[in-house]
Amino acid sequence: MKTKIDIISGFLGAGKTTLIKKFLEEKLCNEKIVIIENEFGEVGIDGTLLKKSGLEVKEINSGCICCTLVGDLENSIKEIMDNFKPERIIIEPSGVGKLSEIIKVCEIDSLKNITKVNMLLTVVDVERFNLHISNFGEFFENQIIYANTILLSRTQEATEEKIETVTNSIRKINPKASIVTNPWNSINGREIITLAENDLYDSIQDQDEVYLNAHRHHHHDAPEVFQVWESETSKVFMKDEIKDLLNGLQDKENFGKVIRGKGILKIDGNKWILFDYIPAKLEVKEMSGDYTGRLCVIGTDLNKEQLKDTFNNIN
Ligand SMILES: [Zn+2]
């Protein structure tokens with residue numbers, strides 16, 4: 001049996017890690033699985049969280065596996081096959097990775113006999129579809145075009161009209177993919193996987209001609225467009241102020257255009273929080289102790305000095 005390769009793609013903050021956790025809990029708990037976790041920044045936060053659940057996780061950080069780290073992806077898959085021979089490899093690309101480029105790596109000749117591309121699933125945040133398509137269309141559309149299955153996230157917070165408008169827009173970009181619009185808490189991971197594994201997969205070459213010929217002139221690698229600011233910090237934040245401080249990330253004048261922020265920070269009372277920021281949405285959870293605070297902010301025109309002043313110890 002060839003090892004299945006699942007690629008769970010989606011823009012920054014769409015909910016990829018949450019979905020992978022759902023799969024692991026509700027369907028894949030008995031399979032031998034290795035996860036490849038790619039973070040655009042250097043500080044691996046999702047990887048740390050997945051490792052805590054005892055999984056084999058290979059982290060590829062500080063860049064994007066579709067462009068700058070394409071060789072690392074190929075080597076990691078080979079290494080995993082040599083050392084573990086899992087039934088399944090789940091790849092979580094960075095939110096700015098182009099799905100087409102990642103599929104190409106997975107289909108190279110030296111891997112073809114031992115692995116096969118299986119699920120090509122893209123998570124789309126229904127509330128931020130317009131924001132992402134109008135600002136980062138090149139990266140975002142690629143993730144939609146090459147997916148076989150598209151899963152809308154945060155539909156429980158959206159109106160029916162909104163869901164329908166976004167579904168129609170996705171249809172125009174990719175007429176063939178199955179689109180799942182049910183709220184995640186009402187569907188089981190098993191149902192999603194069954195659907196995604198039945199969605200037909202055309203070899204990348206078949207689709208490529210049309211799309212790449214039309215877009216070749218505008219090809220950018222993620223690092224040309226997106227910036228990362230990240231840091232470890234021993235600063236202790238005030239519990240009462242932390243939410244206001246993190247919500248302040250939407251202040252473009254102050255920080256630049258922040259698309260994603262995540263991290264682990266220490267708060268008073270010797271406690272820790274895990275935060276997840278995307279435009280107009282902040283999640284903060286308390287978590288068990290960690291060794292040091294660290295955070296990662298991704299965006300365009302970032303004011304790194306201001307971020308440093310705010311989140312690092314100044315004195
Ligand atoms: Zn890339």
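This is a predicted model: local features need pLDDT of at least 70, side-chain atom pairs count only at pLDDT 80 or more; totals for chains, interfaces and linings use all residues.
Two strands pair if DSSP finds at least two bridges between them.

## Strand S4 and its partners

Strand S4 covers residues 88-92, and four of its five residues are buried, so S4 is largely enclosed by the rest of the structure. S4 pairs with strand S2 (residues 33-39) in the parallel sense, over five bridges. Strand S1 (residues 3-10) also pairs with S4 in the parallel sense, here over four bridges.

## The seven-stranded sheet

These strands belong to an open sheet of seven strands with parallel pairing, in the order S3-S2-S4-S1-S5-S6-S7. The edges are strand S3 (56-61) and strand S7 (178-180); each has a single partner strand, so one side of each is left without a neighbour in the sheet. From one strand to the next, the twist averages 20°.

Further along the order, strand S5 (residues 115-125) and strand S6 (residues 149-153) pair in the parallel sense over five bridges. Val124 stands opposite Leu152 in S6. Two helices are described against this part of the sheet. Helix H7 (residues 160-173) packs on the sheet and touches S5, S6 and S7, with a direction that makes about 155° with that of S6. Helix H4 (residues 99-106) lies across S1, S4 and S5 and runs at about 165° to S5.

## Helices H1 and H8

Two packed helices are described by the angle between their axes and the distance between the axes. For helix H1 (residues 16-26) and helix H8 (residues 189-198), the axes come within 8 Å and cross at roughly 105°. Angles of 65 to 115 degrees count as roughly perpendicular, so H1 is roughly perpendicular to H8.

Which residues of H1 and H8 meet? On the H1 side they are Lys22, Phe23, Glu25 and Glu26, and on the H8 side Gly189, Arg190 and Ile193. By class, the residues of this contact of H1 with H8 divide into four charged, two nonpolar and one polar.

## Two domains

The chain is divided into domain 1 (3-218) and domain 2 (226-311). Taken over C-alpha atoms, the centres of domain 1 and domain 2 are separated by 25 Å. Contact between them involves 11 residues of domain 1 and 13 residues of domain 2. On the side of domain 1 that touches domain 2, six residues are nonpolar, three polar and two charged.

Strand S10 (257-267) is mostly covered, with eight of its 11 residues buried. Strands of a sheet pair through backbone hydrogen bonds, either parallel or antiparallel.

| Strands | Sense | Bridges | Opposite residues |
|---|---|---|---|
| S9 (residues 236-237) and S10 | parallel | two | Phe237 and Ile267 |
| S10 and S13 (residues 293-300) | antiparallel | seven | Arg260 and Ile298 |
| S10 and S11 | antiparallel | seven | Lys266 and Trp272 |

S10 and S11 form a hairpin with three residues between the strands, where Gly269 takes a positive phi near 85°. Asn270 lies in the loop between S10 and strand S11 (271-278).

## Single residues

Most residues other than glycine have a negative phi. Asn270 has a positive value instead, with phi near 55°. Is Asn270 buried or exposed? Asn270 is exposed, because 8 other C-beta atoms lie within 10 Å, and a residue with 12 or fewer counts as exposed.

Arg154, also a residue other than glycine, has a positive phi near 60°. Arg154 is found in the loop between S6 and H7. With 18 other C-beta atoms within 10 Å, Arg154 is partly exposed.

Asn75 is found in helix H3 (residues 70-83). Asn75 has 12 C-beta neighbours inside 10 Å and so counts as exposed. Asn75 and Leu24 are 51 residues apart along the chain, and their C-alpha atoms are separated by 25 Å.

Terms used:
Residues are numbered from 1 along each chain as its sequence is written. Axes are lines fitted to C-alpha atoms, for helices over the stretch in contact, and angles run from 0 to 180 degrees between N-to-C directions. Angles under 35 degrees count as roughly parallel, over 145 as roughly antiparallel, 65 to 115 as roughly perpendicular and the rest as oblique. Two residues are in contact if their C-beta atoms, placed from the backbone, lie within 7 Å. Ala, Val, Leu, Ile, Met, Phe, Trp, Tyr, Cys and Pro count as nonpolar, Asp, Glu, Lys and Arg as charged, and the others, Gly among them, as polar. Domain bounds come from an automatic or database domain assignment. A residue is buried if 20 or more other C-beta atoms lie within 10 Å of its own, exposed if 12 or fewer, and partly exposed in between; C-beta atoms are placed from the backbone.
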